[in-house]
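Dear colleague,

Please find below the structure I am handing over to you. My findings on its two ligand sites follow directly after it.

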Amino acid sequence: METIDWKNLGFGYIKTDWNIRSTHRNGAWSPLTATQDENLTLHMASTCLHYGQEAFEGLKAFRGADGKTRIFRLEENAKRMIRTAEYTMMAPPTVELFRDACIEAVRRNERFIPPYGTGASLYIRPLLIGTGAQVGVKPAAEYMFVVFVTPVGPYYKEGFRPISIMVDRHHDRSAPLGTGFVKVGGNYAASLTSADIAHKAGYPGVLYLDAREKKYIDESGAANFFAIRDGAYITPKSPSILPSITNMSLRDLAADFGLRVEQREVEFAELPTFEEAGSCGTAAVISPIGNIYDPDENRTYIFGDGTTPGPVSTRLYETLRAIQLGEAPDPRGWNTVL
Ligand code: PLP
Ligand code: COI
């Protein structure tokens, strides 16, 4: 086997051995099949290509301290894909189909699960697409569900070190009554221009504000935003952000630490009052935010000293990682242990 430098993996696609598939026709999902083919053969009029009938998920499997493999919050990701499918009028997978496909994909690609202690993990990417042909704007009659896996390292090359992000008030990734609350590919296409502007200015991430008033914080690229102030874990409640499963988990951990959990509208004007800021998600895990640049005001907001992760973010990160790696008890049953 080609050797993988586990400790220096980035967040990219590396070919693995197998992917798992099912097709939905005449009202039923077919039994799962495993294939080594990385390509899909699609009808050119498939609704996923024209009308964005596409949903994806992202979750991770970890090799634990005890050698066992754990998949983090499988059921929550299944439920979110079902919500996305329902909103975009696609045939939803069942929780069971989703779970079985993810487990099968991980088991069959066991040699790609990064060893314990490398900091890397096996990223699981479930994908649901409309494959039936339509020319009118209508839901497809056929769907395909695919799960592939690929080993990944940190999403931001900084790892668990504070990143700098930039506000973009001139592009929205989603609208209050739009698709931001579900995980459809179109939201990510809509984010590419602002990501490009930020990258060219030297910032790995973007801070999105609410589309209507640009008064409240929405989220940070492909991750939710949180802040720490006066013993509170503060995170935006907004109809246009993706309900992050990592954030849901951090709210529980924050409450365990005795922090007050505030999930509410968070005004941009509160930024100078925050002791710590961070972004959280499956890919991002916790990426502390060292500073936020606002190009319209030509102002930079700095959290802590801007270069050292804050104590609460560090404790949250370490506690979450310990649960995912089987180093700490998992009292809420977040892991599926294979
Ligand atoms: N927000 C967006 C837009 C995302 O793409 C993601 C990644 O899935 C998240 C937040 C974080 O969600 P989760 O913690 O469930 O991965
Ligand atoms: C994830 O955290 O799983 C994401 O979806 C982020 C990104 C790679 C789209």
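Ligand 2 lies between domain 1 (6–152) and domain 2 (163–324), because both give residues to the shell around it; the domain bounds come from an automatic or database domain assignment. The model is a predicted one, in which local features need pLDDT of at least 70 and side-chain atom pairs count only at pLDDT 80 or more, while totals for chains, interfaces and linings use all residues. Residues are numbered from 1 along each chain as its sequence is written, chains are lettered from A and ligands numbered from 1 in the order in which they are written, and side-chain values use heavy atoms, with hydrogens and water left out.

The shell of ligand 2 consists of Phe11, Phe56, Gly58, Tyr123, Tyr155, Lys183, Tyr188, Ala222, Thr282 and Ala283, where a residue belongs if one of its heavy atoms lies within 4 Å of the molecule. By class, seven of these residues are nonpolar, two polar and one charged (Ala, Val, Leu, Ile, Met, Phe, Trp, Tyr, Cys and Pro count as nonpolar, Asp, Glu, Lys and Arg as charged, and the others, Gly among them, as polar).

Polar contacts (pairs of N or O atoms within 3.5 Å) to oxygen atoms of ligand 2 come from a polar side-chain atom of Tyr123 at 2.6 Å, from an N or O atom in the side chain of Lys183 at 2.6 Å, and from a polar backbone atom of Ala283 at 2.8 Å. Taken alone, ligand 2 exposes 280 Å², of which the protein buries 89% (accessible areas by the Shrake-Rupley method with a 1.4 Å probe).

Turning to ligand 1, 16 residues surround it, and the closest are Tyr188, Glu219, Ser244, Thr246 and Thr282. Its shell comprises six nonpolar, six polar and four charged residues. Strand 12 (223–229), helix 6 (245–256) and strand 15 (276–281) each supply at least two residues of that shell; these elements are DSSP runs numbered from the N terminus, with helices (H or I) of at least four residues and strands (E) of at least two.

A polar side-chain atom of Glu219 is 2.7 Å from a nitrogen atom of ligand 1. On its own, ligand 1 has 380 Å² of accessible area, and the protein covers 97% of that.

Kind regards

How values were computed:
A polar contact is a pair of N or O atoms within 3.5 Å; within protein, one must be able to donate a hydrogen and the other to accept it, and residues adjacent in sequence count only if both atoms are side-chain atoms.
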